[in-house]
Structure formats: C-alpha cells, structure tokens
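Here is a briefing for a reader who is new to this structure. Start with the view below, then work through the points by topic.

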Amino acid sequence: MLERSVVQEIQGILEERDIETKLRLTTRLCADSAKLGTAVFRYPGKADQPLGAVRPGRPESWQVVDPSTIPDRPKLGDPRGRYRLIHSVANIELAAIELMLMAVADFPGEPQEYYQAMLQVAREEVMHTRMLMRRLKQLGGEFGSEPVHLGLWETAIRWDDLPGRLGVVPRILEARGLDVSDRLRDQLGKAGDHESAEVLERIYYEEIGHVGVGTTWYRAACELRGLDPEAHFVDLVHRFQPRRAGPRRIDREGRIAAGFTERELLALEGRDEEPEGERADS
Ligand SMILES: [Fe+2]
Ligand SMILES: [Fe+2]
C-alpha cells in the first residue's frame, strides 16, 4: 500500500547506518513527495512499531556516547576547538533530518500541507548536513571523527502528541541554535575562520524559517485540539528550564521573525511572572 510505504521508507532511512545513503534516500523521498498526491500522507495509522522504538542508525565505526559526557563549549580560539564545534553542529543537523522525518511518520491524519512543510525542512537539513561535512573535510577531518550523541532524538520521542512534539522540537530544541549563532559566528570571525562563520550564518537564516514553520504548525495543532498555544508553550518551556534557573539570553530578533509572542519570549528568558500558587518556599 502506497500510504504505508512512505512510513516504511522513513523507518528505513532512520535505521540506515551509512550517512551518505541516509542523506540520498531523504532527498529522494522529499523530492518524490512534492510530486505525489494527497493520498500518500493520509495513512491510517503507524507502521508496525512506534518510531520511538527505531533508534537512528549511525556507522558502526562511530562512537555514539551519552550526551552528558560531551563537553559542550569547545574553545574556538584553537583549530581543534573550531573543528569540534563544526562537528557538533553537523551532528545536530543530522538529527534534525531524522526529527523532521519522524514528524511525518509519527503523526497520521494531518493536512497534506503539514507533511510537505516537514519534508521541505528535512530537505534543507540535508543541505546543512552536507555543508558542514564539506567544511569538516576542508578542515582536514571527516564526519564521525568525534564522538556523537542521540540526545535530540531521545528528548523528542518523549512527546508523542503533535502539539508537544512541535512545541519541543522546532520551538525549543531547534530554536536554541538561533540563540547561540551570533556569538559563535563572532568568535569564529575573530579567530579568522570566516568560512565556518559563513556556513553558520547561512544556516542561521534558514533555521529562522524552520522554526517559523514549526510555529505555524504548532499553533494549528493546538487550535485543532482546543489548546491555548501560548499557555501550552509556556508550560513546555517551564518543563525544560524552571524559572528558578534564572534569566537567559535569547535571540529576540530571530525568534520574533520565527513567530514567538512576547509572553513566550519572556518565558524563554526566564522573566515571566510566577503564579502565586506555584511559588516555591525556598
Ligand atoms: Fe539545519
Ligand atoms: Fe532546522
């Protein structure tokens, strides 16, 4: 059955260990989907198993580690640190491809435009991954030379409802890239690595678009289910970063362009009012 084959194809791509094959199959699926009719995505249910059970494949030679064991701030003043940064962004982009495919296969019965939008983003994530792989080669290395993790996937699968998944994946996890981008580009520029800075800049502008797509479909999913999109999002934010964690610096400009409201921005910054009843004693 055609409908089922799309889900199965996505499972195959997620499980694929070879990165080049994974990227090629994703591009083909996205290109095909643009030509196919609405029926393709109107599948009646999930394939044999929930996708959360499908662990994304990585080459056997790669070292897949617990995300907490990866030191998160490489020193960008030295070439090794810059290489590690590009490698970690490549890991995020690769994960982003898989998260977009999961956003298609995990949620049957959505409007066809939803699936097209997710696959269009997946297609751009393939390009981002390729740009970073190219940069790693130029720097004398190769994707997979550093330890990688599946932290984004591990977080995403905890949300199996569409408002939760879209609130968390594009609007919290993916949007964090916007918040750190300008600082990283500055530091790379100061260190004289203008090529890497340019790659991150191009990715930055496309990521605003991705997060914006996430916002559009997040709101639609909430409204369809009778949820207040703002209140629900603020709730999700508090689960990721409790108010007591203190104020955070975010990319207001980029996030406003991606559709965040003032109330959402304040929650992300840790500057929103805490309701009386929730206030902690300590
Ligand atoms: Fe990306
Ligand atoms: Fe993205």
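**Briefing: helices and an iron pair**

Helix α3 passes helix α7 in a left-handed crossing. This is a predicted model. The protein chain has 10 helices and 0 strands. Two iron ions, ligand 1 and ligand 2, lie 3.3 Å apart, with E125 as a bridge.

**Overall build**

- Along the sequence, the protein chain reads α-α-α-α-α-α-α-α-α-α.
- The protein chain has 282 residues, and 50% of them count as buried.
- Among contacts with a separation of 6 or more, 80% come from residues 24 or more positions apart.

**Helix α3 against helix α7**

- Helix α3 covers residues 79-105, and helix α7 covers residues 194-224.
- Their axes are 12 Å apart, and the helices pack at an angle of about 25°. Angles under 35 degrees count as roughly parallel, so α3 is roughly parallel to α7.
- On the α3 side, the contact uses L85, I86, V89 and E93. On the α7 side, S196, L200, I203 and E207 meet them.
- The residues of this contact divide into 5 nonpolar, 1 polar and 2 charged.

**The iron ion (ligand 1)**

- E93 (OE), E93 (OE), E125 (OE), H128 (ND1) and E207 (OE) coordinate the iron ion (ligand 1), at 1.9 to 2.7 Å.
- The donor residues of the iron ion (ligand 1) follow the spacing E-x31-E-x2-H-x78-E in sequence.
- E93 sits in helix α3 and H128 in helix α4 (residues 112-138), so this pair ties together parts 35 residues apart in sequence.
- E93 and H128 are both buried.

**The iron ion (ligand 2)**

- The protein donors of the iron ion (ligand 2) are E125 (OE), E174 (OE), E207 (OE), E207 (OE) and H210 (ND1). These donors lie 1.9 to 2.8 Å from the ion.
- In sequence, the donor residues of the iron ion (ligand 2) are spaced E-x48-E-x32-E-x2-H.
- E174 belongs to helix α6 (residues 162-190) and E207 to helix α7. This pair links distant parts of the chain, 33 residues apart.
- E174 is buried, and E207 is buried too.

**Helix α6 against helix α8**

- Helix α8 spans residues 229-240. The axes of α6 and α8 come within 10 Å and cross at roughly 60°.
- The two helices, α6 and α8, are therefore oblique to each other.
- The crossing of α6 and α8 is right-handed.
- From α6, the contact takes in P163, G164, G167, V168, R171, I172, L173 and R176. From α8, H232, F233, L236, V237 and F240 take part.
- The contact of α6 with α8 divides into 8 nonpolar, 3 polar and 2 charged residues.

- A122 lies in helix α4.
- A122 has a relative accessible area of 0%. Buried means under 20%, so A122 counts as buried.
- Beyond its neighbours within four places in sequence, A122 is in contact with T26, C30, I97, M100 and L101.
- A122 and L94 are 28 residues apart in sequence, and their C-alpha atoms are 9.6 Å apart in space.

Definitions and conventions
Residues are numbered from 1 along each chain as its sequence is written. Chains are lettered from A and ligands numbered from 1 in the order in which they are written. This is a predicted model: local features need pLDDT of at least 70, side-chain atom pairs count only at pLDDT 80 or more; totals for chains, interfaces and linings use all residues. Side-chain values use heavy atoms; hydrogens and water are left out. Axes are lines fitted to C-alpha atoms, for helices over the stretch in contact, and angles run from 0 to 180 degrees between N-to-C directions. Helices (H or I, at least four residues) and strands (E, at least two) are DSSP runs, numbered from the N terminus. Angles under 35 degrees count as roughly parallel, over 145 as roughly antiparallel, 65 to 115 as roughly perpendicular and the rest as oblique. A crossing is left-handed if the near helix is turned anticlockwise from the far one by less than a right angle, and right-handed if clockwise. Contact means heavy atoms within 4.5 Å. Ala, Val, Leu, Ile, Met, Phe, Trp, Tyr, Cys and Pro count as nonpolar, Asp, Glu, Lys and Arg as charged, and the others, Gly among them, as polar. Donors are N, O and S atoms within 2.8 Å of the metal (3.2 Å for Na, K and Ca); water is not among the atoms, so sites may look incomplete. Buried means under 20% relative accessible area, exposed over 50%, partly exposed in between (1.4 Å probe, protein chains only).
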